[in-house]
Amino acid sequence: MNTSSSIQEIGRRSPRFDALDKALGKEKFASDLYTEEMLWAGALRSGIPHGKIRSVNTARAEALKGVHCVLTRKDVPGSNRQGFVYWDMPVLCGTKVRHAGDAIALVVAENRQILASALELIEVDITPLPIVDSMDAALEEKAPQVHGLETGNVLKSATITKGDPGEAMPHCDIILEETFFSPVQEHAYIETENGVARLDKEGILHLTVSTQAPFRDRFEIARALGLDHNKIHIINPYLGGAFGGKDGATVQCLLALAAMHVKGRSIKMWWDRKESMLAGYKRHGARMHYKLGAQKDGTLVALQCQLDYDTGAYAHLGVEIMALGLEHAGGPYRIANMESKGRCIYTNNPIAGAFRGFGVAQVCFAFEGMMDRLAAKLAMDPLMLRLKNALVRGDRNCAGVTMTHSTGMEECLLRLSDHSLWKTRKKWIAAAPPFKRRCVGISAVFNGMGYGRGLADYAIAKVKLTPSGLIRVYNGVSDMGQGNASTFVQIAGEILCQRRETMELIQPDTDRTHPSGSATAGRTTYTYGKALIKACEAMRDKLFNRAALMLLVDDGSGFAMIPGGVRHLPSGRDLSLADLAGMMMPDDRISMAEYLMPTTPEMPKGGETFKLGFPHLIYPFAAHCARVEVDELTGEIIVHDYLAFTDGGRVLNPQVFEQQVQGAVAQGLGYALFEEVKTHEAMLVTKDFSTYILPTSLDLPDIESHAVETIEHSGPFGMKGIGEVGMNAPLPAVASAMAHAGLPMNHAPFTPERVLAALDRHQKDTS
């Protein structure tokens with residue numbers, strides 16, 4: 001079957017629209033952009049985690065042949081502050097550095113060799129300050145201040161309450177208490193942070209950047225450098241990965257600053273892997289203390305927890321990430337009484353920021369760990385315990401939000417309970433070879449979708465009929481590899497009945513496309529898809545009406561879309577899209593529409609402290625199962641089989657759905673078993689991929705993915721986003737397996753050293 005000539009229909013397995021061009025190398029990423037007479041820019045990093053800048057001597061670097069300029073804080077106009085909600089991160093540091101990746105100077109040179117030499121010639125005198133290298137150190141009474149806040153090193157604290165856990169807890173039959181630690185994780189995308197900038201003769205700043213939020217970038221650059229955002233033009237090609245790490249300024253402000261000082265020349269900045277590791281954003285490390293109360297029949301009664309997130313040297317999106325942790329702290333369960341406290345804490349560690357799972361991946365480890373310990377205490381089937389307490393429509397979730405939309409947690413667990421991997425677990429465990437300990441674990445997770453309250457989650461879609469009769473979709477949100485751009489073509493093809501060869505796609509460009517939010521929060525296909533459906537339906541109706549004019553019939557009610565044209569059903573006459581385009585004015589060949597995601601009118605007690613992102617209305621759900629084998633001699637964990645059931649509403653493209661789930665599981669297993677950004681006195685120890693361990697295909701099991709198709713009535717064709725929920729489940733699923741093997745693990749990742757220590761503890765406890 002020649003799928004390339006098939007109509008792009010919703011619900012069918014369809015190759016990605018960009019697949020062939022990417023496979024052939026025709027699709028260009030920002031990193032592929034090179035121009036004639038292109039210059040290179042690079043930043044001098046502080047190299048120390050905390051200190052006062054006494055002087056910066058750039059004379060020797062400026063004297064080097066081929067250097068166009070060396071810029072420092074005095075050359076930065078505007079506020080010199082980057083950020084989305086909290087603007088506390090300088091473009092170039094002038095008086096103080098707060099982590100080892102802080103930029104102090106910016107060099108623009110003819111080529112990369114001259115750039116490297118110039119950076120080495122800059123002389124910086126920094127007086128070291130006491131280092132805050134952990135959350136405990138940050139919270140000490142006389143701790144050195146990272147930012148000099150009245151609250152010390154606590155950027156933000158908050159408490160969310162539901163019911164009265166203090167009163168309910170003493171009446172519980174069983175009370176359990178544990179502390180969990182989740183690691184700092186590196187995004188490790190293939191395409192590191194990069195872009196190209198040029199300031200033209202008219203004063204327009206043009207940037208081509210690997211970014212998740214091109215429209216928001218304009219405002220961030222403008223604020224930081226004192227520019228008019230209307231004079232900033234950003235082109236956003238496909239990204240070679242992002243996962244949240246490109247949601248915010250990386251190279252943007254530095255490139256813009258360079259272009260302002262070397263007008264008319266294209267300037268490229270591309271961080272190598274070590275600079276990406278040093279200066280790029282990380283997943284927040286977290287410490288989570290939990291106290292859970294339940295009845296002896298397994299009914300959850302009360303939960304109290306303290307969540308601490310290490311945001312590193314700057315706020316970035318740390319407060320919003322903490323907010324989602326608090327919102328999801330009790331898992332996808334009915335809990336009548338809950339108090340979740342959170343602190344977002346400054347340290348001199350690398351900057352933490354958005355990462356797939358956005359604060360929820362951390363707490364999933366903790367609340368699912370408590371469920372496994374409760375199941376063991378009650379001698380109860382861990383799946384049945386979860387099923388007994390699983391949210392259904394009409395319930396209030398752990399934060400107090402009523403589940404009024406699609407809620408597939410129960411169905412995910414029921415489907416898992418009926419699968420052979422779960423049913424045959426005891427037989428598989430009993431067949432373990434010598435010195436191998438087999439175990440099977442599960443996890444049940446959810447993840448709020450979209451921005452949540454406080455920030456309009458909007459999209460503006462544009463569709464155009466070209467003069468030659470093609471349908472062109474103008475995509476306003478980034479595609480970082482998740483495949484949303486291909487799905488947009490599929491949506492338009494479904495409504496307009498077009499084959500892929502008659503479709504065109506424009507990637508985000510602030511001059512050609514329209515603001516549609518960032519590629520984050522599992523919201524891109526939902527929000528833009530809703531706007532696109534409206535735009536395509538308007539285009540279809542317009543084409544019917546124009547066809548009625550051409551065929552001299554009463555109105556457009558008797559028409560249908562066909563590949564390449566429209567057909568008047570009563571007469572059987574056809575008109576090609578090219579013929580229709582020929583009689584339409586250019587403005588008439590365009591249809592636009594917008595959509596705003598709904599939010600919940602409920603506000604949990606304490607949630608009003610957050611400016612944005614709290615709480616959510618729509619949640620995807622998932623239940624995962626992992627078959628795990630532990631080598632008792634080496635401590636190595638091998639995941640043999642993996643199973644995922646995901647409620648993402650209706651599936652628009654099964655192939656893209658499976659890729660999303662499998663990619664999330666692979667990333668989540670890395671988080672569970674291998675990946676940990678390590679520091680010593682706030683200095684990176686894991687500086688590259690020789691020390692930061694990523695899973696390869698040989699480390700991953702076959703991943704079996706199944707869709708649990710609830711209908712999300714508010715979503716495009718009934719779907720909701722699944723980009724994040726799959727990331728949340730692997731760590732707690734593997735931890736569940738370890739707990740049922742008698743090796744409860746509270747500190748991730750589960751490296752061989754930690755597993756051997758757990759085996760040693762288990763042996764001592766049972767001897």
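## Basis of the model

Helices are DSSP runs of H or I with at least four residues, strands are DSSP runs of E with at least two, and both are numbered from the N terminus. The structure is a predicted model, in which local features need pLDDT of at least 70 and side-chain atom pairs count only at pLDDT 80 or more, while totals for chains, interfaces and linings use all residues. Residues are numbered from 1 along each chain as its sequence is written, and side-chain values use heavy atoms, with hydrogens and water left out.

An open sheet is formed by 5 strands in the order 9-17-16-15-10, with mixed pairing; two strands pair if DSSP finds at least two bridges between them. Strand 9 (154-162) and strand 10 (174-182) are the edge strands, each pairing on one side only. From one strand to the next, the twist averages 5 degrees.

Helix 10 lies across strand 10, strand 15 (285-294) and strand 16 (300-312). Relative to strand 10, helix 10 runs at about 145 degrees (axes are lines fitted to C-alpha atoms, for helices over the stretch in contact, and angles run from 0 to 180 degrees between N-to-C directions).

Helix 10 (residues 360-378) also meets helix 11 (residues 382-389): their axes come within 9 Å and cross at roughly 115 degrees. On the side of helix 10, the contact (heavy atoms within 4.5 Å) is made by Glu 368, Met 371, Asp 372, Leu 374 and Ala 375. Helix 11 contributes Pro 382, Leu 385, Arg 386 and Asn 389 to this contact.

## Pairings of strand 2

Strand 2 (residues 51-57) is joined to strand 6 (residues 96-97) by 2 bridges, and the two run antiparallel. In this pairing, Gly 51 stands opposite Val 97 of strand 6.

Strand 2 also pairs with strand 8 (residues 123-128), again in an antiparallel arrangement, through 6 bridges. Here the bridge partner of Asn 57 is Glu 123 in strand 8. Strands of a sheet pair through backbone hydrogen bonds, either parallel or antiparallel.

## The surroundings of Arg 546

Arg 546 is placed in helix 16 (residues 524-551). Leaving aside residues up to four places away in sequence, Arg 546 touches Leu 580, Met 583, Met 584 and Asp 588. Between Arg 546 and Gly 556, which are 10 residues apart in sequence, the C-alpha to C-alpha distance is 7.8 Å.

## Backbone exceptions

Most residues other than glycine have a negative phi, and most peptide bonds are trans. The peptide bond from Phe 614 to Pro 615 is cis, with omega near -15 degrees. Pro 615 belongs to the loop between strand 25 (590-596) and strand 26 (621-631).

A cis peptide bond also leads from Ala 748 to Pro 749, where omega is near 0 degrees. Pro 749 is located in the loop that lies between helix 20 (730-740) and helix 21 (752-766). Asn 80, although not a glycine, has a positive phi of about 60 degrees. The loop between strand 3 (67-71) and strand 4 (81-82) holds Asn 80.
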